[in-house]
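Open the model in your viewer and keep the selection tool at hand. The stops below say what to select next and what is there.

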Amino acid sequence: MTQWGSCSLGEQGYSPIEILRYFYGDDMYINTADVISGIPSSWPGYELTVGSSGDKVRQMQEQLRTIASVYTAIPTITADGIFGQATAAAVREFQSIFGLPQTGTVDFATWYKISHIYVGITRIAELN
């Protein structure tokens with residue numbers, strides 16, 4: 001919308017919603033959701049490594065397990081939320097296949113590559 005002046009409106013302090021309403025009217029309905037299921041969540045802000053545990057580890061393990069069903073060189077792991085040696089081995093194989101440094105830890109680049117491949121495999125980004 002920059003060619004129509006949205007950039008200028010933003011520079012004047014308009015919020016994104018105000019910009020949309022400027023172009024499309026005040027009677028426009030905007031829906032929100034607290035949670036969108038199926039969409040991979042953001043990088044946790046810290047590396048996941050042997051000894052890490054919790055929801056982010058479980059999410060990564062679930063995605064990696066799904067990827068392993070297509071890329072069978074990746075060992076299948078249990079999504080238990082505990083980052084152990086089996087998870088590290090699966091991460092190293094994933095990193096090897098996708099050209100990342102084979103550290104066995106899930107850093108920023110590995111997290112988003114797992115998310116990217118997961119979305120492609122599950123086709124959650126496609127409209128049905």
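Begin by selecting helix 3 and helix 5, which pack at an angle of about 50 degrees with their axes 9 Å apart. Helix 3 is therefore oblique to helix 5. Angles under 35 degrees count as roughly parallel, over 145 as roughly antiparallel, 65 to 115 as roughly perpendicular and the rest as oblique. Axes here are lines fitted to C-alpha atoms, for helices over the stretch in contact, and the angles run from 0 to 180 degrees between N-to-C directions. Helices (H or I, at least four residues) and strands (E, at least two) are DSSP runs, numbered from the N terminus.

Now show the side chains between these two helices. On helix 3, select K56, Q59, M60, Q63, L64, T66 and I67; on helix 5, select W111, I114, S115, I117, Y118, I121 and T122, and you have the residues that make the contact. Contact means heavy atoms within 4.5 Å. Sorted by class, the contact of helix 3 with helix 5 has eight nonpolar, five polar and one charged residues. Ala, Val, Leu, Ile, Met, Phe, Trp, Tyr, Cys and Pro count as nonpolar, Asp, Glu, Lys and Arg as charged, and the others, Gly among them, as polar.

A note on the model before going on. This is a predicted model, in which local features need pLDDT of at least 70 and side-chain atom pairs count only at pLDDT 80 or more, while totals for chains, interfaces and linings use all residues. Residues are numbered from 1 along each chain as its sequence is written, and side-chain values use heavy atoms, with hydrogens and water left out.

Where do they meet? M60, Q61, L64 and I67 in helix 3 meet T87, A90, V91 and F94 in helix 4. The residues of this contact divide into six nonpolar, two polar and no charged.

The angle between helix 4 and helix 5 is about 75 degrees, and their axes are 11 Å apart. That makes helix 4 roughly perpendicular to helix 5. V91, F94 and Q95 of helix 4 and T110, K113, I114 and I117 of helix 5 make the contact. By class, this contact has four nonpolar, two polar and one charged residues.

Stay in helix 4 and select Q95. Is Q95 buried or exposed? Q95 is buried, with a relative accessible area of 1%. Buried means under 20% relative accessible area, exposed over 50%, partly exposed in between (1.4 Å probe, protein chains only). Leaving aside neighbours within four places in sequence, Q95 is in contact with L100, P101, Q102, T103, G104, T105 and T110.

Select S52, in the loop between helix 2 and helix 3. S52 is buried, with a relative accessible area of 15%. S52 and I82 are 30 residues apart in sequence and 6.2 Å apart in space, C-alpha to C-alpha. Not counting residues up to four places away in sequence, S52 touches E47, V57, G81, I82 and F83.

I30 also lies in the loop between helix 2 (16-24) and helix 3. I30 is partly exposed, with a relative accessible area of 30%. Beyond four places in sequence, I30 is in contact with I17 and R21.

Then select S69, in the loop between helix 3 and helix 4. S69 is exposed, with a relative accessible area of 55%. From S69 to I121 is 52 residues in sequence and 9.5 Å in space, C-alpha to C-alpha.

Finally, show the whole chain. The protein chain has five helices and zero strands, and buried residues make up 29% of its 128 residues.
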